[in-house]
Amino acid sequence: MTPDDIAKRALKGFELDKLDESQFCYKCNCSRQRVENALISTGKEVLSEMAEDDKNTEVDCHFCNKKYVFTPDEIRKLIDNAL
């Protein structure tokens, strides 16, 4: 069923007046900068632990599944530049 068909069925007996029609698509607005800000918000202690672990930190966007990878050096730069 189309949206029009659903509206006609749900509002049977009423006169329908469509005011507007538009297309939509899903687009995630995540970015590396937003992920960096989220990491910074965890605090200096957590970031230091990530950097000392000497492994890459991987952050997955739960909306679009994009992966962001941060090296220990990049985490250290976040600590130095943002905190």
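1. Two aromatic rings, from Phe, Tyr or Trp, count as a pair if their centres lie within 6.5 Å. In this predicted model, a search of the whole structure finds 0 such pairs. Phe 70 does have a charged neighbour: Arg 32 lies over its face, 4.1 Å from the ring centre.

2. Now the core. The largest nonpolar core has 11 residues, among them Val 35, Leu 47, Tyr 68, Phe 70 and Ile 75. At least two of its residues come from each of α2 (32-41), α3 (44-52), β2 (67-70) and α4 (72-82). As a general rule, nonpolar side chains tend to be buried together in soluble globular proteins.

3. Look along β2. Its side chains alternate. Tyr 68 and Phe 70 point to one face and are buried.

4. What is the partner of β2? Strand β1 (residues 57-60) pairs with β2 in the antiparallel sense, over 4 bridges. Asp 60 stands opposite Lys 67. The hairpin has 6 residues between the strands, and Asn 65 takes a positive phi near 70°.

5. Finally, α4. Which of its residues are buried? They are Pro 72, Ile 75, Leu 78 and Ile 79. These residues sit on the same side of α4 because they cover an arc of only 115° around the axis. They pack against α2, α3, β1 and β2. The face turned away from that buried side carries exposed residues: Asp 73, Lys 77, Asp 80 and Asn 81.

How values were computed
Residues numbered from 1 in each chain as written. Predicted model: local features only at pLDDT ≥ 70, side-chain atom pairs only at ≥ 80, totals over all residues. Heavy atoms only, no water. Core = buried A, V, L, I, M, F, W, Y, C linked by side-chain atoms within 4.5 Å. Buried < 20%, exposed > 50% of the residue type's maximum accessible area, 1.4 Å probe, protein only. Pairing = 2+ DSSP bridges. Phe/Tyr/Trp six-rings, centres within 6.5 Å; stacked < 30°, edge-to-face > 60°. Lys NZ or Arg CZ within 6 Å of the ring centre and 35° of its normal. Arc of directions from axis to C-beta. Contact = heavy atoms within 4.5 Å.
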